[in-house]
Amino acid sequence: MTTSWTVHRTGHPRFAFRVAVERDGRTVLAVRATAAWPGPGQQVFCLREDGSDPDEPMTLVERVPVVSCTQLGRKLAVVLDRPVRKRCEFLFIAKPFRDKPGTYEQVFFRTEAAIRSHRSRSRLEVRGGDEELQLVIDSSERYAWHFPGAAVTTRKLPAGDYALLDGERIAAVVERKSFDNLLGDLGAIQALHHALAHLAQYAWSAMVVEAQYADFLDEKRLAGRWPASFVARALAELTVMHPRLPIVFAGNRKLANQWTHRFFVACAAHRASPQLTLVRETPQGELPLHQAGSLDERVRLAVMRAGLTRFALQEICDEVEGASLVTVRRVVKELEREGKVRCLGRGRGARWEVGGGGGEGA
């Protein structure tokens, strides 16, 4: 899966640039902008493209690999695979018409620096949450947590101990663990892995522990049930094996209950807020646009795979898709400073090999 950022120069007197995010030849988002990149602290007004004329004359200005493309409410956050000018976002605002019902769209293209300097930089993305929560508590729960103001029912849940409903569908789920519960589960950690893998399949899920992390490293609290070193390794393994599942050490029962309540409120508010539609065939909230490693990482891997074979910079450039000679030279120079490669010769005929020691520059 290849995702790229492209900028073309158009012939329009005002919107002189076409900026697009494309994945495997399909346009995820395309806008017409007044600049190819916002200036320091500025934002660029854009128009969403409603259809591109294939015969429209355009000149390619740049094409850059995309590291990630993430939808955050009414924003699309993009990280480009280059050392500078790499983070930006598109903000989509629905504005009401002055003289007729309905709304129209405004799109703003801005950089990380502009986001940090804007007065709304501390504004929360998920707002609201005034609607009544529809919650389910698993029927096996003893001494259940309390959720004031929520409509709570009890039944057997397929996973977890507490769930937020969207109609009859489970929207979010939380697995509750006390200190003793989690220690006991480590005795059957393979079964725990299965349970957490099931939990992580939900869009929003978490395991909330009624204890501090430090409690699991306290030999007195462990009372000989497990060595602290084993518990530390086991908790690290849970995090690594289930990267999509937050594990929250809330401290005690009261704070664990409070964290879960606020978690469900945020989930409900996010679910109720208007979502950005980028392309018709893309499900809302799902933009799997991550590359398998950044461009620099792929260049480094290609160089280190060369082993004892001597190579030229252009050979690495030809092997790694999207890598320019400038990028390859910069990464190889970094590897040289780290003592991992050395240069043999000078000029265009210079070759490199993997191995310690310094050498002459290319």
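This is a predicted model: local features need pLDDT of at least 70, side-chain atom pairs count only at pLDDT 80 or more; totals for chains, interfaces and linings use all residues.

Me: What does the protein chain hold in terms of helices and strands?

Reply: There are nine helices and 16 strands in it. Eight of the strands build a closed barrel, in the order β1-β2-β3-β4-β8-β7-β6-β5, and the pairing is antiparallel. On average, neighbouring strands in that sheet are turned by 35° against each other, if you ignore direction.

Me: What makes β1 and β2 a pair?

Reply: At least two bridges are needed for two strands to pair. Seven bridges join β1 to strand β2 (residues 17-23), so they count as a pair, and they run antiparallel. For one of the bridges, look at V7, whose partner in β2 is V19.

Me: And how do you know that β1 also pairs with β5?

Reply: Use the cut-off of at least two bridges again: β1 and strand β5 (residues 59-72) have six, so they pair too, in the antiparallel sense.

Me: What about β3 and β4, why are they called a pair?

Reply: Strand β3 (residues 26-33) and strand β4 (residues 43-48) share three bridges, and the cut-off is at least two, so they are called a pair, again antiparallel. A33 stands opposite C46 in β4.

Me: Why is T6 called buried?

Reply: Buried means under 20% relative accessible area, and T6 has 0%, so it is buried. T6 sits in strand β1 (residues 3-9). Leaving out residues up to four places away in sequence, T6 touches R18, V19, A20, E22, E62 and R63.

Me: What makes β1 as a whole "largely enclosed"?

Reply: Count its residues: six of the seven are buried, so the rest of the structure largely encloses β1. Across the protein chain, buried residues make up 43% of the 362 residues.

Me: How do you know that R221 and D215 form a salt bridge?

Reply: The closest N and O atoms of R221 and D215 are 3.2 Å apart. The cut-off is within 4 Å, so the pair counts as a salt bridge. In general, side chains of opposite charge can pair when their charged atoms come close.

Me: Are R221 and D215 buried or partly exposed?

Reply: One of each! D215 has 16% relative accessibility, which is under 20%, so it is buried. R221 has 38%, which lies between 20% and 50%, so it is partly exposed.

Me: What makes K333 and E336 a salt bridge, and where do they sit?

Reply: Their closest N and O atoms are 3.6 Å apart, and that is within 4 Å, so they qualify. They sit in helix α9 (residues 325-337), and because they are three residues apart there, about one helical turn separates them. K333 is partly exposed at 23% relative accessible area, whereas E336 is buried at 14%.

Me: Why is the link between E353 and R342 called a salt bridge?

Reply: The closest N and O atoms are 2.5 Å apart, and the limit is within 4 Å, so this pair is a salt bridge as well. It links distant parts of the chain: E353 is in strand β16 (residues 351-354) and R342 in strand β15 (residues 341-344), eleven residues apart. E353 has a relative accessible area of 9%, which is under 20%, so it is buried. R342 counts as partly exposed at 33%.

Me: Last one: how do α7 and α9 pack, and what makes up their contact?

Reply: Helix α7 (residues 295-305) and α9 pack at an angle of about 65°, with axes 10 Å apart, and their crossing is right-handed. Residues making the contact include L295, V299 and V303 of α7, and V328, V331 and L335 of α9. By type, the contact residues divide into eight nonpolar, one polar and four charged.

Conventions
Residues are numbered from 1 along each chain as its sequence is written. Side-chain values use heavy atoms; hydrogens and water are left out. Helices (H or I, at least four residues) and strands (E, at least two) are DSSP runs, numbered from the N terminus. Axes are lines fitted to C-alpha atoms, for helices over the stretch in contact, and angles run from 0 to 180 degrees between N-to-C directions. A salt bridge is a side-chain nitrogen of Lys or Arg within 4 Å of a carboxyl oxygen of Asp or Glu. Buried means under 20% relative accessible area, exposed over 50%, partly exposed in between (1.4 Å probe, protein chains only). A crossing is left-handed if the near helix is turned anticlockwise from the far one by less than a right angle, and right-handed if clockwise. Contact means heavy atoms within 4.5 Å. Ala, Val, Leu, Ile, Met, Phe, Trp, Tyr, Cys and Pro count as nonpolar, Asp, Glu, Lys and Arg as charged, and the others, Gly among them, as polar.
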